[in-house]
Amino acid sequence: MPVHRPGSRRRSPGSLAGLALALLTALALAALSAVPAAARTAAAPARGSAYLGIGVAAHDGRSGTPPTVAAAVQTEGVDVSGHQGSVDWATLWNSGVRWAYTKATEGTYYTNPSFAQQYNGSYNVGMIRGAYHFATPDTTTGAAQANYFVDHGGGWSRDGKTLPGTLDIEWNPYGDACYGKTAASMVSWIADFLNTYKARTGRDAVIYTATSWWTQCTGNYAGFAANNPLWIARYAAAPGTLPAGWGYQTMWQYTSSGPTVGDHDKFNGALDRVVALANG
């Protein structure tokens, strides 16, 4: 018969299991706290933090190879968001940048706090500028987001220096790549946005996307190509295969790590063609 010594206490199997669980939990928490906060949140960015091309490098890859397309004149551009803060537009102008797009809005819940400095600053230095909207088709309708965009900087005027607004439609940084939509419902959402934007401004919006996302999430729909200029995203030496319907890209985002601030882009034509797009 076992002897129970004074001062000792028997532990049941249940209490031992509880202690083991508590120890494992403490170890897990300690390991998590040792990981930098940025690394812990990298997979789940805060709403509003998305920007033009946020999913391109992750899904299509990143290349440091400079563009090789030289068959036609290309005009250098840049796109910026709240991540860049106050931009030195004079430096960009002196480096050869002649047009710019600034993030204005996301969903119906975010406006870029640096929008005024970026949008007006590019204009004041002499660039042709425009605004873009980061779409979140899982939060509100296309019409609601188009109206929000126009009401918060995404409008247009025929002054020769304002480009039509851009719909940034790409991988969802906050969840399902296609925002939980079928190809048909995604096409309907995009059409809702585009139709509302044109009704509000008189202009057809530019569509920014990547061919692989467009194929995956719209079924490679070709119906917008007749009216909406294409801004293709591909970080490589050439734009590559374009989405169905478009025979050429109007703009090409070729890198997210350009020689100066922001993502860098090529307009498929000389500066007078950029002006022509601005004038409609």
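User: What should H7 span, and how far apart are its end C-alpha atoms?
Analyst: This is a predicted model, so keep that in mind. H7 has 19 residues, which at 1.5 Å a residue should span 27 Å. Its end C-alpha atoms are 27 Å apart, so the two values agree.

User: Which residues of H7 are buried?
Analyst: Met186, Val187, Trp189, Ile190, Phe193, Leu194, Thr196, Tyr197 and Thr201.

User: Is Ala199 buried or exposed?
Analyst: Ala199 sits in H7. Its relative accessible area is 68%, so Ala199 is exposed. Its C-alpha atom is 9.9 Å from that of Ala146, 53 residues away along the chain.

User: What comes after H7?
Analyst: Gly202 follows, with a positive phi near 85°.

User: Let's do the H8 packing. How do the axes of H7 and H8 cross?
Analyst: They come within 7 Å and cross at roughly 115°. H7 and H8 are therefore roughly perpendicular to each other.

User: Which residues meet there?
Analyst: From H7, Ala183, Met186, Val187 and Ile190. From H8, Trp213, Trp214, Cys217 and Thr218. The residues of this contact divide into 7 nonpolar, 1 polar and no charged.

User: Now the loop between S5 and H7. Where does Trp171 sit, buried or exposed?
Analyst: Trp171 is found in that loop, between S5 and H7. At 3% relative accessibility, Trp171 counts as buried, since the cut-off is under 20%.

User: What does Trp171 touch?
Analyst: Leaving aside neighbours within four places in sequence, Trp171 is in contact with Gly55, Val56, His59, Asp60, Phe134, Ala177, Tyr179, Ala210, Ser212, Trp213 and Gln216. The C-alpha atoms of Trp171 and Gly55 are separated by 5.4 Å. Those two residues are 116 positions apart along the chain.

User: And Cys178, buried or exposed?
Analyst: Cys178 is buried, with a relative accessible area of 9%. It lies in the loop between S5 and H7.

User: Which residues does Cys178 touch?
Analyst: Met186, Gln216 and Cys217, not counting residues up to four places away in sequence.

User: What phi does Tyr179 have?
Analyst: Near 60°, a positive value in a residue other than glycine. Most residues other than glycine have a negative phi. Tyr179 is in the loop between S5 and H7. At 5% relative accessibility, Tyr179 counts as buried.

User: What about the phi of Asn220?
Analyst: Asn220 has a positive phi near 60° and is not a glycine. Its place is in the loop between H8 and strand S7 (230-233). Asn220 is partly exposed, with a relative accessible area of 27%.

User: Zoom out. How many helices and strands does the protein have?
Analyst: It has 9 helices and 9 strands.

User: How much of the protein is buried?
Analyst: Buried residues make up 45% of the 280 residues. The accessible surface comes to about 12800 Å², and 57% of that belongs to carbon and sulfur atoms.

User: And what share of the contacts joins residues 24 or more positions apart?
Analyst: Among contacts with a separation of 6 or more, 69%.

Technical notes
Residues are numbered from 1 along each chain as its sequence is written. This is a predicted model: local features need pLDDT of at least 70, side-chain atom pairs count only at pLDDT 80 or more; totals for chains, interfaces and linings use all residues. Side-chain values use heavy atoms; hydrogens and water are left out. Helices (H or I, at least four residues) and strands (E, at least two) are DSSP runs, numbered from the N terminus. The expected span of a helix is 1.5 Å times one less than its number of residues. Buried means under 20% relative accessible area, exposed over 50%, partly exposed in between (1.4 Å probe, protein chains only). Axes are lines fitted to C-alpha atoms, for helices over the stretch in contact, and angles run from 0 to 180 degrees between N-to-C directions. Angles under 35 degrees count as roughly parallel, over 145 as roughly antiparallel, 65 to 115 as roughly perpendicular and the rest as oblique. Contact means heavy atoms within 4.5 Å. Ala, Val, Leu, Ile, Met, Phe, Trp, Tyr, Cys and Pro count as nonpolar, Asp, Glu, Lys and Arg as charged, and the others, Gly among them, as polar. Accessible areas come from the Shrake-Rupley method with a 1.4 Å probe; for residues, only the protein chains shown count as cover.
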